[in-house]
Amino acid sequence: MSDEFTMLIDGTMVVGQEGQTVMQVARDNDIKIPSLCDSPHLAAFGSCRMCIVEVDGMRGTPSSCTTPASSGMQVATTTDRLWDLRRGLTELYVSEHPLDCLTCTANGDCELQDVASEVGLREIRYDNTPSCEGMPIDESNPFFSFDPSKCIVCSRCIRACDDIQATHALSIDGRGFFSRIIAGADELFMDSDCVSCGACVNECPVAALEDTVERKYGKPDSYVRTTCAFCGVGCQFDAGVKGGKLVSMIPVAESPVNQGHSCVKGRFASAYVHHKDRLTTPLVRDSIEDEFREASWDEVYALISSKWKDLISTQGPDSLGIITSSRSTNELNYLGAKLMRAVVGTNNVDNCARVCHSATVKGMMTVFGAGAGTNSLGDIDQTDLLLVSGCNPVHGHPVTGSRIIRARKRGMGMIVADPKRTELAKMADIHLQLRPGTNVALYQGLAHIILRENMQASDEWMSTRTENLEPFKEMIKLMTPELCSELTTIPIETLESAAKLYASVDAAMSVHGLGMTEHSHGSEGVMALSSLALLTGNVGRVGTGINPLRGQNNVQGSCDMGALPNVYTNYQSADDLQVRQKFANAWNVEVPTKLGMTYPAMLESVSEGGLKSLYMIGSDIAHTDPNNLQVIEALSNLELLIVQDIFFCESAKLAHIVLPAASFLESDGTYTNGERRIQRIRKAIDAPGQAKQDWIIVKELAEAMGHPIAFSEDSSDVWDELAALTPNFVGISYDRLEDIEAIQWPAPTPEHPGTPVMHQDQFSRGLGHFVAPEFSEPNETASDDYPFILITGRNLYHYNAATQTRRSGLVEFRGTDYLEIHPEDAEKLGIEDNAEIWISSPRNKIKMLAKHNDEVRIGNLFTTFHFPELGINTVISSSSDGYTRCPEYKVQAVAISAV
C-alpha cells in the first residue's frame, strides 16, 4: 500500500501506516511497550509516561503513544535507561495504591500489577498512603462500584466517557497528588449524568471501577461470543460464564457494529436470565377461569395437536394463526412460518414487526423494491450529513446514538425531524419540530424547495436510475413552503434552510424510527422520505441511503424469514405460483394459496368466529398493543391460546397453555440486525428447568402433529434449509458467520462478500420509483374534548414491554412510566411537577405521574409504555396505517386533568 512505510523497533524492521504513532506501530507488530494510560480504543493521551522510548535523532524520552511514527525511524524500547525510568514511575504509582493485591478482585488482571512485574519493582521507598485513603467506595450504581483509593488517575475512564459514549459525565478534580476522578459535580455516580454504559469500567486498568457481579462471583471461567438481544443495533458481546452463571457481558472491540462499546442494557441487564420469575415448566388449564397446573412436554404437545387437528377438521386451517417473535432467532421465525404453512395449511403468519416497522417495509419496497436498510451503521462515520427522522437513538439505540454524537463532534452536519426536542435535536444544525402526523407534508415540502432551486440529482441519474419523475413533480408542486409550514407548523425559513442543506452536501444519510412509521399514514411517510433521497441521488453510495433503526433485536430477521402472511423468505411473494411451488416441493406438501391475515385482522376475526387458536411466541400483545382492552377481550375469547415466553407475561395470564422458552444466552441460532447483518448467537448457559429453545419447541410440536419440519438438533441445518430456498441467502452459512464481520445480505453465492451498500448499480425493483402520496391528516386529531396529542416511545433504561428490564437493576433508574408535559401546558391546567393526573380517551381513563419537560412540544404529551400496571395502551386507539395495519401510536388524542 502507498501509505505504508518501514522503521526499526529494537533492531527489528517493522511496517507502519501513515498517521500511526510509535505505540500503534509496535502494537500492530506484536511488540509490547508498557503503558497504563494508553488504550487501543482511545486517542493518545500521554499522561502516565510509562511508554517512553528512545528515538535516534530525538532528545529525551518521548512517550510512544503520542510520537508520530515515520519512515526510517529507529526506536529503542528496552534500554536500561528506559527500564530505570519506568521503574521509578511505577514506584510512584504503587506508593499511592493499596497493597491488597491478594484480596483484590483484579488480582491477576491488573495492569498496574503487570507493569510492576515487568519493570522489576521490588521495593517501595515512599510512604504507601493513598491520597484518597478514607474516601468511601461509591456503590450507588447497581451495576458497578468506584473505589477512589485504587484509582491511578490515568484518565481512561474520562476519555471513554467523552470519546466513546460522548456523555462527558466524568472529570478530574484537584492537582498533583490530590488529583482524583469525580462524577458530575463531585457527586455519586447515580446522581450524575452517567448513563451506566460501562465504557469506564471496560477501560479501568485497576480495580477502581468494578463490575458488581464480577466483584461478587469472580472472573469468568470462559467466554462465549454472542449477539445482544435488546434493540436492533446488533452489538456483539463475549458472555463471561462462571459455574454455569452469567457474570459479565464484555463488548467486542473488533465488532464493526459496536466497536467495543455497549449501552447499559446490553452490558448489565442480561442478568434477567437468572431471575426467579423465569418459566421453567409447561403450564396448562382447561379454561382461563381455572388455575394453571404443571404438565410435561409430552402432555402439552398432545393437548395442542389434538385441539389443532380438531379445529382444522371442523373449522378449517384458517381458524389457526401464529405470531412469531422479533426477539427470537431467524431459525425460530422460519420454522414458525413453516409450521403454519406446511403442517396446519394456513398463511395466518405474522410477527410483532407488524406494529413497528411494517410501514418501513411497505414504503421502501414501493420506492426501491426492498424494504431493508440500504447502508451500514459505519456509514455514519463517513457521511457529510445525517437526517434523523422520528427517532431518539440516544434512548432507543444508544450505541448508534453515541456514534452519531461522535460524528457530530467531528463536524458531520445534522438535521433532526421530531416533535420533541431530543438530545440530538439540541445539537443539530436544524431542528424540524413538526406537528405529529405531518411527515408526508414535511418531506414533500423539502422536495418542492429542492426542485424549485434546481438542486436535485443530475439528469443522468434521473434518466438511468429512476422513473415516474414527472408525475412526482406535479404532485410536489402542490406542497408549497407556505402550505408545508401551515401543516407542519415549521417556519418557512427553517424549511428552506433544511432543504438546501440536505441537497447541498455530497452524501446525506437518513436514519428513521417509529416516529416515521407508527402513523395512520406511516407507509406514505416512508415513501416521501425515500423519494427525497432518490431525488437527490442519496441512495446506493457509502454515507447515503434510508436506514431504519429497528426496535427489537431481530425485527429485520423475523420479516426476512417469511413470518408474514403474504411472503415467504426474503419477501418472495406468496401470490407467486413459482414461489409456492418451490416451497411446496422442498417441504413435500401442498402449501396454502389463500393469503393469510395480519395479526390485528386475526384478533378482529375472533368475534366473528374466525380465529379459534393463536400461538404467540415471545410477543406480549396484551401489554404492548393499542386499544389494549379490546385485544385482551379477543385473546380471552379464543378456544386455545398458547403463549411461549421466558416469563409469565401479561398475555400468559389469558393463555390456556404456557410454554417455557430459553433465553438468547441459552440458545443457538442467528439474528439479523438493522443493517442486514446476519450474526450468530451461541449457547453460553443452560436453560432453567425444562425450558427449551424456541425453535426446538416448534420442531417438536410439528412432530406431535405428525409432520416433522426439522430433522436434527442443530440450528445450522435449519439455516441451511432456508438459505437454499432464498436467492439472497444462498451464499451465507454458519461457517461464514464465524467471521466477526459476519455477512450482510444479499450474498447470492458462497464467494460473494455480502452487501454493505444496497442499490449501487441497480435498484431491487430495477428503477427507483418516485412516489408522492397526497397528504392526509392523521386519523386521530385533537378536539375540544381531547385537546392534547399523546406520543408514546421508549426510555434508555427499559426495552419494549420491559418484561426483561423490569427484572434487572434498571428499575433503580426508572421504576415507572411518567407523562411528560410542557410546563406552559401544565401551568394552564394547574398540574404540578410529579403530580398525579388522569389521562383519558374514548377507550379508557388511567392515573399516572406527570413530569414537566420543556423538550415536549406545546400541545403534545409524551410517555413510555414499559409498565403494564399503568395501562397506557388501554388509552390508545386501534387507528392504523392503511397499507400495513401498523398502529398510530405517535398521534393519539387525549385529555388530561389533575387528580
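## A salt bridge between sequence neighbours

In this predicted model, Lys-276 and Asp-277 are joined by a salt bridge in which the closest N and O atoms lie 3.4 Å apart. The lysine of this pair, Lys-276, counts as exposed, with a relative accessibility of 73%, whereas Asp-277, at 30% relative accessibility, counts as partly exposed.

## Pairs that link separate parts of the chain

A salt bridge also forms between the side chains of Asp-429 and Arg-408, with an N to O distance of 3.1 Å. Because Asp-429 is placed in the loop between helix H13 (423-427) and strand E18 (430-432), while Arg-408 belongs to helix H12 (residues 398-409), this pair ties together parts that are 21 residues apart in sequence. Asp-429 itself is partly exposed, its relative accessible area being 42%.

Lys-219 and Asp-109 likewise meet through their side chains in a salt bridge, at 3.3 Å from N to O. This pair links distant parts of the chain, 110 residues apart, since Lys-219 sits in the loop between helix H6 (212-217) and strand E9 (222-227) and Asp-109 in the loop between helix H2 (80-95) and helix H3 (111-119). Lys-219 is partly exposed, having a relative accessible area of 36%, and Asp-109 is also partly exposed, with a relative accessibility of 46%.

## A network, and the overall count

Salt bridges can also be followed through a group of residues, for Arg-452, Glu-453, Glu-496 and Lys-500 are linked in a network of them. Counting a salt bridge wherever a side-chain nitrogen of Lys or Arg comes within 4 Å of a carboxyl oxygen of Asp or Glu, the model holds 50 salt bridges.

Notes
Residues are numbered from 1 along each chain as its sequence is written. This is a predicted model: local features need pLDDT of at least 70, side-chain atom pairs count only at pLDDT 80 or more; totals for chains, interfaces and linings use all residues. Side-chain values use heavy atoms; hydrogens and water are left out. Helices (H or I, at least four residues) and strands (E, at least two) are DSSP runs, numbered from the N terminus. Buried means under 20% relative accessible area, exposed over 50%, partly exposed in between (1.4 Å probe, protein chains only).
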